[in-house]
Amino acid sequence: MSEPSIFTRILNGEIPSEIIAQTDRLFAIRDIAPQAPVHLLVIPTSQDYRDVVELAAGDPGLLAELVAFAAELAAEHTDGQFRLIFNTGAAAGQTVFHVHAHVLGGGLAEGTLGG
C-alpha cells in the first residue's frame, strides 16, 4: 500500500486546507500556488488513479463526474468560463501522483497557460 497522497491527507484533516466543495467521490480546494485569478483543484477522494489516463481507463464514470463537478465550480467561481487542465507525468508538471484537475479562470488570455 502506498503512502497517502497530500490530497488524501488534506481530505483526512491531517493537512489544513479549506475544502470548498465536496461530493461522495470528489472534493475541491484552492491551489496553494495559483496560476490564474481562480485556480481550483478537483480531486477524487480515492487515490486509486495516478493520472487522468489511468482514471479514464479505470473509471470513466468518475472522470465524467469530475468534469461535471469542475463545470459546477466554474459556474460559481468564473461565470462558467474556465480551463480544465490535467498534468500527466513529471515532465508535464505533475507533482502529486493522485489524479486531479486544475480549474483555471478569471480573465485568461488566449495563448497563456494561466500564469
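A: Start with one term: a residue is called buried when its relative accessible area is under 20%. Keep in mind that this is a predicted model.

Q: Which residues lie on each side of β3?

A: One side carries Val 38, Leu 40, Val 42 and Pro 44.

Q: What do strands of a sheet pair through?

A: They pair through backbone hydrogen bonds, and the pairing is either parallel or antiparallel. In this model, β3 is joined to strand β2 (residues 26–30) by 5 bridges, and the two run antiparallel. Within that pair, Ala 28 stands opposite Val 42 of β3. Strand β5 (residues 101–105) also pairs with β3, again over 5 bridges in the antiparallel sense. There, His 39 stands opposite Leu 104 of β5.

Q: In what order do the strands of the sheet come?

A: The sheet is open, has 5 strands, and reads β1-β2-β3-β5-β4 with antiparallel pairing. At its edges are β1 (19–22) and β4 (83–85), each of which pairs on one side only. On average, neighbouring strands are turned by 25° against each other, direction ignored.

Q: How many bridges join β4 to β5?

A: There are 3 bridges between β4 and β5, which run antiparallel. Leu 84 has Val 103 in β5 as its bridge partner.

Q: Which helix packs on the sheet?

A: Helix α3 (residues 60–77) does, touching β1, β2, β3, β4 and β5. The direction of α3 makes about 155° with that of β3.

Q: What shows where empty space is left?

A: Rolling a probe the size of a water molecule over the atoms shows this. A search of the whole structure here finds 1 cavity of 30 Å³ or more. The volume of the largest cavity is about 30 Å³.

Q: Which residues line the largest cavity?

A: The lining is made by Asp 51, Val 52, Phe 86, Asn 87, Thr 88, Gln 94, Val 99 and His 100. Sorted by class, the lining has 3 nonpolar, 4 polar and 1 charged residues.

How values were computed:
Residues numbered from 1 in each chain as written. Predicted model: local features only at pLDDT ≥ 70, side-chain atom pairs only at ≥ 80, totals over all residues. Heavy atoms only, no water. Buried < 20%, exposed > 50% of the residue type's maximum accessible area, 1.4 Å probe, protein only. Helix = DSSP H or I, 4+ residues; strand = E, 2+ residues; numbered from the N terminus. Pairing = 2+ DSSP bridges. 1 Å grid on protein atoms, 1.4 Å probe; cavity = no way out; pocket = protein on both sides within 12 Å on 5 of 7 lines; lining within 4 Å. Points joined across faces, edges and corners; volume = space filled by probe spheres on them. Nonpolar A, V, L, I, M, F, W, Y, C, P; charged D, E, K, R; others polar. Axes fitted to C-alpha atoms, helices over the stretch in contact; angles between N-to-C directions. Contact = heavy atoms within 4.5 Å.
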